[in-house]
Amino acid sequence: MSSVLTIRGGVPLTGRVTVRGAKNLVPKAMVAALLGNEPSVLRNVPEIKDVEVVTSLLQLHGVTVEKDPHTGDLTLDPTNAKTASHTAIDAHAGDSRIPILLCGPLIHAIGEAFIPDLGGCKIGDRPIDYHLDVLRQFGAVVEKRPGGIHISAPGGLKGAKISLPYPSVGATEQVLLSATRAEGITELSGAATEPEIVDLIAVLQKMGAIISVQTDRTIRIEGVPDLGGYNHRALSDRNESASWASAALVTRGDIFVEGATQRDMMTFLNTYRKVGGGMEIGDDGIRFYHKGGKLNPLVLETDVHPGFMTDWQQPLIVALTQAEGVSIVHETVYENRFGFTDALIRMGANIQVHRECLGSVPCRFGQRNFLHSAVISGPAQLTGTDIDVPDLRGGFSHLIAALAAYGTSRVTGIDIINRGYERFTEKLAGLGADFDITSAE
Ligand code: EPU
């Protein structure tokens with residue numbers, strides 16, 4: 001049964017939250033375990049829906065997944081991997097985008113893969129053409145079947161020279177997971193180099209892979225016939241950390257985010273400082289706080305790493321509604337990531353979205369029909385309203401807007417937030433938020 005949050009706004013969030021392993025690494029490290037010929041151990045695993053989905057998918061394919069009841073560490077044993085029934089896999093259709101990354105490892109383990117139609121946040125079309133092109137270049141045969149896609153490689157996967165049209169995170173991971181055990185050398189140009197990708201490379205290297213990352217977005221992989229297991233502590237979730245940082249700013253609060261890592265968040269920290277947010281960077285986390293004065297507007301462009309991450313944009317825009325003056329945010333990664341601003345406008349925010357590229361560099365969405373630039377004028381008094389959560393980061397943004405707003409908000413669809421924010425209602429309660437949870441009728 002779905003839940004409803006009734007939020008009484010106006011309370012500054014203060015206290016401490018702990019952020020664990022990254023949602024955008026952990027499920028992929030779990031998939032990598034399928035490539036080994038012995039068990040792997042993954043530590044710092046958050047309790048989020050995406051981990052549950054991948055656990056079920058791996059179990060359907062004969063992988064044993066055991067969770068340590070005290071630490072939450074996962075032991076993944078792929079030694080009895082097998083073909084899963086299509087009906088069972090189909091039950092996961094629409095749950096997540098991670099299943100597409102099972103292709104390479106499944107072909108290596110059992111010779112074929114069936115991938116259900118994919119879910120994930122509705123923040124654009126989110127096609128999988130790069131993934132399928134990459135698999136074909138490794139020699140795979142891709143067939144559309146009812147409810148999903150069947151992929152096989154009668155002659156095995158072969159190393160290839162691949163160039164991505166855009167540095168896609170998922171397509172880069174597809175190449176890594178397929179190439180490590182492919183025959184021969186793979187050279188990928190135009191690769192994404194997000195910290196989560198570097199952590200996945202670290203996992204694969206522990207398993208025995210030979211992968212080098214060059215400075216020009218080229219990754220070179222020398223295929224090896226077999227891989228072993230790994231023991232790895234997942235890097236921390238920098239997107240969740242940035243979300244709590246924005247929550248502190250929006251609610252005029254003070255939050256110590258245990259697990260936030262400076263190295264992976266440098267671009268965010270520079271922006272946070274320019275907006276006027278306070279921070280104290282420690283060894284075990286970062287304290288984020290509102291300094292009490294005015295917030296500054298800014299001009300911002302999202303980009304692939306090392307640029308300002310698209311996933312940081314949505315919560316930060318709520319803070320920009322409180323800055324003194326006009327801010328411009330140009331979204332260059334997803335064509336449709338400003339739908340969440342409708343609810344903010346209903347709450348009193350002053351935001352216009354435009355089709356033009358309002359950033360310094362024209363992006364691939366310019367001159368097309370995508371509302372991908374936002375102009376935010378502040379400060380605006382936000383007032384509570386009824387909200388239905390649209391997507392993961394947009395939903396978190398609505399929550400923090402409601403927590404800062406005058407009056408009461410009723411938020412439905414909060415289960416989407418469980419996909420990527422571990423125990424978020426417990427964390428909100430610990431920070432002093434004033435809310436109730438009830439079951440939807
Ligand atoms: N794209 C294509 N074709 C493809 C794949 C991607 O056109 O086959 C396009 C996308 O539509 C998008 C762009 O390329 O416009 C970038 O997509 P990318 O492949 O980099 O994204 P992803 O791998 O699907 C991951 C994260 C996202 C994060 C992006 C960008 C996971 C599970 N998801 O998605 O996280 O926004 O990289 O960094 O790792 C989130 O955490 O809220 C989230 C959406």
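## Ligand site and backbone exceptions

A polar side-chain atom of Lys28 is placed 2.4 Å from an oxygen atom of the ligand. This distance, like every value below, comes from a predicted model.

| Residue | Ligand atom | Distance |
|---|---|---|
| Lys28, polar side-chain atom | oxygen | 2.4 Å |
| Arg337, polar side-chain atom | oxygen | 3.3 Å |
| Arg393, polar side-chain atom | oxygen | 2.8 Å |

The ligand taken alone exposes 830 Å², and the protein buries 93% of that area. Its location is the largest pocket.

The shell around the ligand holds 25 residues, of which Lys28, Asp129, Ser168, Val169 and Val333 come nearest. By residue class, the shell divides into 11 nonpolar, 5 polar and 9 charged residues.

Which helices each supply at least two residues of this shell? They are α5 (129–137), α6 (169–179), α10 (310–320) and α12 (392–404). Of these contributions, that of α5 is the greatest, with 3 residues.

Domain 1 (2–19 + 236–440) and domain 2 (26–233) each provide at least three of its residues.

In general, most peptide bonds are trans, and most residues other than glycine have a negative phi.

Where the peptide bonds are concerned, His305 and Pro306 are joined by a cis bond with omega of about 10°. Pro306 belongs to the loop between β17 (299–301) and α10, and α10 is one of the helices that supply at least two residues of the ligand shell. A cis peptide bond also runs from Gly378 to Pro379, where omega is near 0°. Pro379 lies in the loop between β20 (373–378) and β21 (386–388).

Where phi is concerned, Asn44 is not a glycine, yet its phi is positive, at about 65°. Asn44 is part of the loop that lies between β3 (40–43) and α2 (49–60).

In summary, the ligand sits in the largest pocket, with residues from domain 1 and domain 2 in the shell around it. Polar side-chain atoms of Lys28, Arg337 and Arg393 lie at the listed distances from ligand oxygen atoms.

How values were computed:
Residues are numbered from 1 along each chain as its sequence is written. This is a predicted model: local features need pLDDT of at least 70, side-chain atom pairs count only at pLDDT 80 or more; totals for chains, interfaces and linings use all residues. Side-chain values use heavy atoms; hydrogens and water are left out. A residue is near a molecule or strand if one of its heavy atoms lies within 4 Å of it. A polar contact is a pair of N or O atoms within 3.5 Å; within protein, one must be able to donate a hydrogen and the other to accept it, and residues adjacent in sequence count only if both atoms are side-chain atoms. Accessible areas come from the Shrake-Rupley method with a 1.4 Å probe; for residues, only the protein chains shown count as cover. On a 1 Å grid over the protein atoms alone, a cavity is a set of points where a 1.4 Å probe fits but cannot get out, and a pocket is an open set with protein on both sides within 12 Å along at least five of seven lines; lining residues have an atom within 4 Å of a point. A molecule sits in a cavity or pocket if more than half of its atoms lie within 2 Å of its grid points. Helices (H or I, at least four residues) and strands (E, at least two) are DSSP runs, numbered from the N terminus. Ala, Val, Leu, Ile, Met, Phe, Trp, Tyr, Cys and Pro count as nonpolar, Asp, Glu, Lys and Arg as charged, and the others, Gly among them, as polar. Domain bounds come from an automatic or database domain assignment.
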